[in-house]
Each structure stands twice: as structure tokens, then as C-alpha cells.
Amino acid sequence: MQQLSFKNRIASNYLITTALLIFVVFCVIYAIVRFSINIKVNNDIKLEVTKHLREIEVKENCVLLIREKQWKKIQFNKVDISPAFIQFVDELGALVDKSPNLKQKQLSYYPEAINNVLFDGKLEKTSVRQIQVPLYQDTKIIGFMIIAMSVEDSVMVLNNLFIILVIAYPLILLVLFLIARFIAGRSIKPISSIIHTSNIITKDNLKSRIPLPINKDELHLLSMTINNLLDRVENAIEREKQFTSDASHELRTPLAVIKGTLEVLIRKPRNQEEYKEKIDFCISEVNRLNLLVDELLLLARFENQRQSLKMENISLNALFLDIISRNASIINQKKIKCEVLSAKDFYVETDAYLFSIVINNILTNAVKYSKVNGLITFGIIEENDNIICTIADNGIGIASEDLQKIFNQFYRSKANEHPEIKGTGLGLSIVKRLSSLLQIDLRIESQEEVGTKVILSFSK
Ligand code: ADP
């Protein structure tokens, strides 16, 4: 069974069940026909018994036929499909009289047979159904009336039926197997196209999709699921390609800038001031490069989700204050006011290290995109069993059409309008990835020139 193809396996399973069913049906048909024939013969014989008992009388130990001539004439002229043979014997079984249709033949008397009960006997070589009815003079048995009917025809009918059923059985099974195999083959045809399509799909050819079967059945669902999977794989590979080309572009840009600056610098001798300015510029580019490499490594690390989470109960208020103090220098540079608004101390179950990366990125963005003397507000509230943190600034804001794109890697909104604000376009991608890893719901609301609010919601 293991080596059989799927198609043949379905057909075989179907066949085994059907074979058992047909076998039972055939046995029932045979049994019913046999039973009906037996009942018919038995009833016919019993009818004959009652009829002939009325036509005899017993006198002085002798059985006399009333109107013997007519009786014999009727018996002789009767054209019956299965005639009844009648014979009278004395108490010892010796022949007394018999119906003319027996001709030279004689019915056997079976002394061991039970009186008045039908049994199978023989008339020479012919099979008969027979009954022996005792005839009484007062209470003494003086003889028997034997009535028999040939069952040759019934036996022949039953034999023919048996042969027909035995021949029909394997033929029906063979036809059913072929039909089941054909139908199973047609039903699993989509699987062949799944195999075919899977075979032609390679890393460079992810465009092919499995043609969907017309019937909306399990195979339709399977094909659709595989097609969706292929869509996701294609998207992931496409994103990976895009990320690699963006990353190499982003890495090359500061390198090219540094190289160009240094080449110009060594072309001719320069004064101290010029050297300092260019070298400071190169250092800031190297710092940017450093930050970029750090962020790329962070993204790559969580791309593979190798980092196992260390969940612990942390105080949100304490974590916010800690991150504010870590960024004190850039906050003070811009004279930004930072406040934490919370009615009480809030605790959440999360990975402290990863969550501090999330908050740090959001805060550094808020500082970067805030104006001098800005205000950054951290809020913590509890709503419908959820703890909601908000980090709001009153900075330059984000254009509504860019709100969807800011989570894309390397996407920077208004980069040209504010060339003084440096960035990699990776910060929010990291925030998004870590939030989903920590199962934090992340949303951003923003209005240009009004400010930006990042909302993080922990479900309990
Ligand atoms: P970047 O390194 O450019 O800051 P991010 O991924 O952190 O990269 O942010 C993507 C873009 O989203 C930024 O370029 C900026 O345009 C916008 N952005 C993020 N945070 C803020 C904010 N608080 N206020 C205004 N714009 C923001």
C-alpha cells in the first residue's frame, strides 16, 4: 500500500469498501431468492396436501380415493410447470396407489422422516421436496400420503444466479476500480500542477504561481495557501535585495564623502584652521558610519530573531527617567524640556534591554526633530487593562503621506528640507521590529509643524 501512488491508494481504499458492500448485497440477494423459492414450493406442497386429503377416505384399513377415475384423469391431464407427485403407501411404506404423472417412477418412503414436516428427498435422480402425511383409521396409522414436488428448476435458477453473481462480482469490482482511479486522478490533478510549479520555482524565478482549480475545495485552499506563501517569500526576498542595495549605498555615501574630502585636503598645503575643519567633518562622517553599522547589525540580529527575550518586570517611570538622563547632553544642547506625566509607578513585563533601545530611538528622534526650547512629554496611563505610553514632541512633525513609509528601512521624510538633521532612516525600522518582538502595539500620530506622538500599548 505504501508504494502505491496516491491515485491508486484512493481507488484501492474505495474498492475495498465497495467490495465488502457488494459482497454483502449479493449474499442477501442470493439468500432472499433462495428463501422465496423454498417458501413457494413449501406452500404449494401444503396446498396439495389439504386438497388431496379432501379427496380420500379411509375404510377398513384401506385408503380409498373418492371419484378415483376423475382424480386420475385430472392428475393425468394437468399441465403444471412443477407438478405435484402423489403416492399412497401402507404403514410399512409399500406402494398402494400413485398419481399417473409418476409413470414408472416411485417416490421413496423415508421411515426416519418426521410426519407432516417437509424435507428434501429424491425421485430417482431428481431432487424433490417431499412430505409424508400419515393416514389414520381411528387412531391407528394405516398408511401415508406422500406428496413431492420437483425442485430441479429452483436448483437450476439458484445455480444460475450463483454463477452470474460470481462472474459479475470481479467484473463490477474491476470496472469500479477503473472508474475510481480515473475520478481520483482527475480530483488530484491540481497536485500535479503544484508539483510542476514547485519544480520550476527557483530563487531567481519566484513569479510562477499555481493555477487555482475551478472547484473551491481543499486543493483550491492548498493552492491558494502555497501561492500566498510564495507571495510572502517573494516579498521577503525582494525586501532583502532592496535592503542590501540600500545598505551598500548608505555605507558607500559617507565613505565617498570622506575619501573626497581627504583627497581635496592633500592636494595642497593648508592652514591649521582648514585641516581642523575638514578632519572634524570626516570624524562626523565616520561617526555616522559607525551609527549606521551599529543599526544595521541590530536589524540583522533581530531579523533572525536569534536574541532570546529576557522578560522581567520593569518600572516604566524609572526606565524613562534613565533614558532621559542618558540623552541629557543632546536634550540640553537644544534647551528642550522633558517631563514624565504619570499618576503612579507603572510596571510592565518586558525585555528591559530591547525596550530601552525602542524608547532611546523614539526619544532621540523627538530631540532631533524638535526645535530649540521644545517640549517632550512622556505619558503613562492605564486604559481598558492596557498600559499606554506616549512620547510626544512639538517638533517639525511628519507629512500625513509619509506616515506609512517612515517605518521602511532607509526611508527619511523631509531629508532634503532639513539637511542639518542627520539620520540613517533605520531608527523606526528597529523600533517597529523590536515592538513586534516584544508584542507592543505601536502607532504614530503626527501633524506637520505641530508635533509627533508615538503611542506604545502593552496589553496585560
Ligand atoms: P532617521 O535616522 O532619519 O531619524 P528613523 O527611521 O528614525 O530615521 O525615522 C524615519 C523618518 O521619520 C525620519 O527621517 C523623520 O522624517 C521621521 N520622524 C521620525 N520621528 C520623528 C519625529 N519625532 N518628528 C518628526 N519626524 C520624525
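A polar contact is a pair of N or O atoms within 3.5 Å. The model described here is predicted.

| Residue | Protein atom | Ligand atom | Distance |
|---|---|---|---|
| Tyrosine 369 | polar side-chain atom | oxygen | 2.8 Å |
| Aspartate 393 | polar side-chain atom | nitrogen | 2.9 Å |

Taken alone, the ligand exposes 530 Å², of which the protein buries 96%. The largest pocket is where the ligand sits. Two elements each give two or more residues to the shell around the ligand, namely helix 9 (352–368) and helix 10 (427–437). Helix 9 gives the most, with three residues.

In total, 18 residues surround the ligand. The closest of them are Asn365, Tyr369, Arg412, Thr424 and Leu428. Sorted by class, the shell holds eight polar, seven nonpolar and three charged residues.

Turning to the chain as a whole, its secondary structure amounts to ten helices and 14 strands. The chain has a radius of gyration of 52 Å, whereas a compact globule of 460 residues would have one near 23 Å. Along the principal axes, the C-alpha trace of the chain spans about 165 × 55 × 35 Å.

Definitions and conventions. Residues numbered from 1 in each chain as written. Predicted model: local features only at pLDDT ≥ 70, side-chain atom pairs only at ≥ 80, totals over all residues. Heavy atoms only, no water. Near = heavy atom within 4 Å. Polar contact = N/O pair within 3.5 Å; in protein donor to acceptor, adjacent residues only side chain to side chain. Areas by Shrake-Rupley, 256 points an atom, 1.4 Å probe, with all protein chains shown as cover. 1 Å grid on protein atoms, 1.4 Å probe; cavity = no way out; pocket = protein on both sides within 12 Å on 5 of 7 lines; lining within 4 Å. Sits in = over half its atoms within 2 Å of the grid points. Helix = DSSP H or I, 4+ residues; strand = E, 2+ residues; numbered from the N terminus. Nonpolar A, V, L, I, M, F, W, Y, C, P; charged D, E, K, R; others polar. Rg over C-alpha atoms; globule rule 2.2 N^0.38 Å.
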